[in-house]
Amino acid sequence: MNKKPSFLERLTGVLEEEEKEKMVSVNKQADDDEEDEVEEKKSTETEKAKIKKAKKISLPPEETNKTNDDWLPDSEGQLTIDVYQTPTEIVIKSTIAGVSPEDLDITITNDMVTVKGKREKDEVISDGDYYYQECYWGAFSRSVILPVDVEAEKAEASMKNGILTLRLPKVEKVKTRKIRVMTS
């Protein structure tokens, strides 16, 4: 009367719905404690058999000699920026605290701006001494395609309280003008 469990049932330990319903009805109909004890013994024996058959999978130990910087070599941080316009210029603002103006490289073309630099740590701290390490240290860059053409030669950059501000004058729109040919 007992149906042999399928491969999937043996693998997962999950019985089909019919088997579950039968088990529930058998348990409800059991009048003696002896039948309950027999069922418990059978279930514990099958559980023990499953545990014996189970394979243990262990992961190889992690290499402890790697530093946190090894997981992403040659990466650059990316600046967060705000870009907005006024009637006459495009303005780009970015927080770059801890970077001196001499360590910044700003390249401007008519339609794109690139800001590169490097933020250096001022002291050496071992990784085990950190409670939190959220600041980015190292090289960073950000390129922005501008929504309108700008005059790169007239661009200005300033830094105040760790905020870099780039002011890029917009190229004046060419106005179409009609002229009449004069006859002589």
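Four strands form an open sheet of mixed pairing, in the order S1-S6-S5-S4. Its edge strands, S1 (77-78) and S4 (104-108), each pair on one side only. Strands are DSSP runs of E with at least two residues, numbered from the N terminus, and two of them pair if DSSP finds at least two bridges between them. S1 runs parallel to strand S6 (residues 138-145), and 2 bridges join them. Glutamine 78 stands opposite serine 141 in S6.

This is a predicted model, in which local features need pLDDT of at least 70 and side-chain atom pairs count only at pLDDT 80 or more, while totals for chains, interfaces and linings use all residues. Residues are numbered from 1 along each chain as its sequence is written, and side-chain values use heavy atoms, without hydrogens and water.

A salt bridge is a side-chain nitrogen of Lys or Arg within 4 Å of a carboxyl oxygen of Asp or Glu. By this rule there are 3 salt bridges.

| Salt bridge | N to O distance |
|---|---|
| Arginine 167 and glutamate 89 | 2.9 Å |
| Lysine 118 and glutamate 120 | 3.6 Å |
| Lysine 154 and glutamate 151 | 3.3 Å |

Arginine 167 in strand S8 (residues 163-169) and glutamate 89 in strand S3 are 78 residues apart, so this pair links distant parts of the chain. Glutamate 89 is buried at 17% relative accessible area, where buried means under 20%, exposed over 50% and partly exposed in between (1.4 Å probe, protein chains only). Arginine 167 is partly exposed at 32%. Lysine 154 is exposed, with 52% relative accessibility.

Strand S3 (residues 89-95) also holds serine 94, which is buried at 5%.
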